[in-house]
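Me: I want to learn how to read contacts, cores and helix packing in a multi-chain model. Please show me the structure and take me through it.

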Amino acid sequence: MNLWRKLACVALAVVVCASLGANWLAPAGYEKQYREATDAPPSHAHWLGTDELGRDRLARVLYGTRISLLLAPAAALLSTLMAAFVGGLAGYLGGIWARLAMAVTDLCLSLPWLFLLITARAFLPLNVSPLISVLVTFLLLGLLGWSTAARVLCASAASLRSADFVRQARAAGVSGLRLFWIHVMPNLKPVLYAQFWISIPVFILSEANLGILGLGVAEPMPSWGSLLRELEGLVSVREEPWKFVPLVLLVVVVMSFQLLLSRQQEVPA
Amino acid sequence: MLKSRITGHALALVATILLGGFLSATLVRLAPGFDAEEQELDPHLSAESVQALRATRQQDHNVWRFYFSYMNRAAHGDFGTSLALAQPVRTLLRDRAPLTLRLLALGLGLAWVAALSFALTAAWLRISAYDALTTMVSGTFLCIPAAVLALFSVLWNVPGSLAIALIVFPHIYRYARNLLAKSYSLPHIITARAKGLGEARILFWHVVPAVAPQLLAVAGVSVSMAVGAAIPVEALCGLPGVGQLAWQAAMARDLPLLVNITILVTLVTLLANSGSDVIGLMVRGQKS
Amino acid sequence: MKHDEKMRGEMKKKRTIALVLTILCLGSLLGRALAQGGGELRFCVRMEPKTFDPLKVEDEASASIRYLTGGVLVRVNRQTQDLEPALAQSWKVSKDGRQITFRLRSGISFSDGTPFSAGDVAYTIQQLMDPALHSPTGDAFRSGTGNVESKVISPTQISITFPAPVAGLDRLFDQVAILSERSPRKEAAVLGPFMLADYKPGATVLLKRNPNYWKSDEQGRKLPYLDSIRVDIQPNRDVEMLRFKRGELDLINSLDSEYFDKLEATSPQLVHDAGPSLDSEQLWFNQVAKAPIPVYKKNWFRSANFRKAISEAINREDLSRIVFHGHAQPAAGPFSPANRFWFNSKLKPQAYSPDTALKALQSDGFRLENGALKDKDGNAVVFSIITNAGSKTRERMAVLIQDDLQKIGIHVNVVTLDFPSLIERMTQSFDYEAIILGLTNVDLDPNGEMNVWLSSAENHQWNPQQKTPETSWEAEIDRLMRAQASSTDLKRRKEAFDRVQEIVVEEQPFIFLINKNALSAASTAVHGAASVILSPQTFWNAERLTVSTK
């Protein structure tokens, strides 16, 4: 394992352990409001300061990590698998199947899914538990986020249809789904990894944006997405660099995932 | 034969676009808030006026009737009137489309130049430190909310197309980088290197053509990504384009405007993806 | 001879030089005078104006344009809150409140030169009262069924008769911009200080000085001083603030409290806190009988004791201090103290007292069990508060209230929804439990809120469209509101509305939270700006503003 991947493992391990140990590491609960110290800068009592309602930012980062770190990769995995199924299989089969699948994919890329999400919220009770709400949010993101990669996977699989190794496998009597699964799919990994890697931060940020529809993580529970929304108060953040900590954390986690996934991409120089 | 294939493709394109419009109308109509008007909350309005406000939405209640009537009018060049802005949709789109097209073209161009430069250099050099650096740069922009990038562009007085480029570039970079890296393990590349071919020649004459169809597919979807990025960028930068219009229409449940915008977006997406498919087929045909 | 010619030539040359220098000096002085006197004012509106027809105005952006371009018969002075003559020199309201007679100024023209006369007023009223128009401006005059009759007595005198008394009749004409009956340019021909010059959808509205504006200043100089006003369409407050700091904007009409503080720290001369505005933020519970919520929750929400206890458990001082950075006051009741005449000064804001709140709930059979409050049937007191997404202040207030109520064992779920979904739940499906929203008041007169206080009205938010009042206190409010609407005696109207305010505070159908302060910002380049609480706060006196060139 090279140095970068070791660093990535360590970084991810630290982040995961910190989030699991939030109960002990956090100076207070994520919902506790220190109303006499709102929007405070870092101090001995609050290492990352407090937010606009006096809640300890470090506590909110630690607790928010649990939700985002667990659910965003799960949703990313779901969307990647769906992309592989729809795009990869369509490209492998070719012909009318590919055309139909790509027409559906293009429609999915064009439709205003915002309204589906609004409708989904309408079906959830207002007093739904925060956990259910956030699970539904990430599930919907996973179900809707596959179309970009599906197109690329279709093109990749179509290229592989006439590859020598596929012809050899066919000649050896391998066919159908077995041929797709054992010989074609492994060669789609570059696109699958790219899709997975991109989806993690995209879904974390999307979860925060879905707050305007009543989905996502409900107050007072924190998430990285909701913490990153503080950056939108741009006029003041330049004087308050500690508000960038969630962004730095997210970049570290995303980079770590990429470095771990890039094992297959290494080519001897 | 070729003529019938082209006709078939064209018909499929038209059918998909029309289906997109209908599905969009259905989604908007079924979503909660369709009948709601903010003006209802004005305490000056009498009960009759509130009922009249609600009645303006009633006529669009039946999706089938709405869509059939819409297609009938659209065939005569009338694309309806925006409920939120009380202006003909045709005028709104005609006035705003050029700005959005410019924004998208410039944003996509910048994104592709940046992404390909990074990806090709990383593939050529194959230095892990450089790879880590480019991953960090693209990863950072991937993690910054689109709204924040748009606000940065206002803060630093740079064009909105740069914000779009920064939103789209990490996606393109990652796909391109992975595809290029993977193709280095192809047998004919290994053979070429073993035979002592120069790295530049290998990259541009053997590696890139091998992944060209996939890169073209990425090019097609990057158009959709840019269209999606245009919405927050235009809304926040105050650019009067189709993206800003789309957001206003969504918040106001403006059915005529949303249907037209969806049809436009579907058309752009289909053209981009179909174009990349056709070129990809040609490239694959040339290789074989 | 040659010497004389030479002398004359030199004299001529000197005279020419002197003349040129004089012209240059005068020109420079004139230029400076013009630059000081005119200029272009720049500010933003938060949304696209929906209409430029002054009779159809429904939104704030359109109202701003109407204010700047529309000529009105009378104008409420935004600073003194007094009614002043405008196009009408004088007016008289009949004793029964049904008729108003205006004596108009003469020699006035619209922006396109068409003469103004009483016929234009009659035409405007006819358009305004068209039943098919359905505009808030027109509906404000509808006091009863029947036609509105306009009688042109002379080119400068007109009387308008309504089918029923209209309370505060004269002040309503502040919102009625007069249209030209004869101009081919229709609503584009205006009587206000500015006229529409250019409109780029989604971007800018440009207004230019109306050369035919009737008003002059005390020195006889024609108004307005400004050459033009550029109104940019900018929904995002962060971007608006950035542009103001960069000098691209001259005014921010409605400033957020956190930006106020940031700006005050660096440039205190730019910001202005005019004190409590007319606006309020409130929380209310769903009392609609057919609402799709559990019966036991309806029983809580319909109990005045429950509502009062919730009100006592909310720390309004913290809401003002934390959410609005001290630029708000705890609300005492339906009207803000900024509404000097109509505010019931006997009312005081509800003090924060969670212990009293808990005792009040316990007397109703509620009890605390392991930190959770339960009703007499053992149901845990859990409810949701919805508010509109995108409003940071309301989201923060909801979270603070969530924390306050947690202290007395009540679990609150905060849900932010997009506005159309919220409106649908509030007005059609009634599928909500509690809401936080605000009331933006443009009128001082309580008659403008008839459709809020009447139990049969659409905007009687907690339980609208009642066929008959479901409670005795709502019946009493109905009686008092109708009484004040049909009276022209200001003292009797005040007494009636004072009692309405007292009943509202006793029964708490709306739990009034805070009255925001009117915060604004103006660049030092703007001369004559004096921020007020009535809308439009910063450019209410646009005709007398000047902007110095940089």
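Me: How many residues does the contact take from chain C and from chain A?
Reply: First, the ground rules. This is a predicted model: local features need pLDDT of at least 70, side-chain atom pairs count only at pLDDT 80 or more, and totals for chains, interfaces and linings use all residues. Residues are numbered from 1 along each chain as its sequence is written, while chains are lettered from A and ligands numbered from 1 in the order in which they are written. Two residues are in contact if their C-beta atoms, placed from the backbone, lie within 7 Å. Here, the contact takes 26 residues from chain C and 21 residues from chain A.

Me: Which elements of chain C each supply at least two residues to the side that touches chain A?
Reply: Elements are DSSP runs numbered from the N terminus: helices are H or I with at least four residues, strands are E with at least two. In chain C, they are α6 (237-245), α7 (257-266), α10 (316-323), β17 (382-388), α12 (392-406) and β18 (411-417).

Me: What is that side of chain C like by class?
Reply: Ala, Val, Leu, Ile, Met, Phe, Trp, Tyr, Cys and Pro count as nonpolar; Asp, Glu, Lys and Arg as charged; the others, Gly among them, as polar. The side of chain C that touches chain A has 13 nonpolar, six polar and seven charged residues.

Me: How many residues of chain A are in contact with chain B?
Reply: 48 residues of chain A meet 56 residues of chain B. The largest share of the chain A side, eight residues, comes from α10(A). By class, that side divides into 34 nonpolar, nine polar and five charged.

Me: How many helices and strands does chain A have?
Reply: 13 helices and zero strands. Its C-alpha atoms fill a box of roughly 75 × 50 × 30 Å along the principal axes. Among its contacts between residues at least 6 apart in sequence, 70% join residues at least 24 apart.

Me: What share of chain A is buried?
Reply: Count the other C-beta atoms, placed from the backbone, within 10 Å of a residue's own: 20 or more is buried, 12 or fewer exposed, in between partly exposed. Buried residues make up 49% of the 269 residues in chain A.

Me: Which residues have the most contacts inside the largest nonpolar core?
Reply: A nonpolar core is a set of buried Ala, Val, Leu, Ile, Met, Phe, Trp, Tyr and Cys residues joined through C-beta atoms within 7 Å. The largest has 315 residues, and A:C154, B:I164, B:V168 and C:L73 have the most contacts inside it. Helix α9 (residues 199-237) of chain B gives the most to this core, with 20 residues. Beyond four places away in sequence, C:L73 touches residues including C:F102, C:V121 and C:F173.

Me: At what angle do α15(C) and α16(C) cross?
Reply: Axes are lines fitted to C-alpha atoms, for helices over the stretch in contact; angles run from 0 to 180 degrees between N-to-C directions. Helix α15 (residues 472-485) and helix α16 (residues 490-507) of chain C come within 9 Å and cross at roughly 160 degrees. They are therefore roughly antiparallel (under 35 degrees is roughly parallel, over 145 roughly antiparallel, 65 to 115 roughly perpendicular, the rest oblique). Among the residues that meet are C:W473 and C:L480 in α15(C), and C:F497 and C:V500 in α16(C). The contact has nine nonpolar, one polar and four charged residues.
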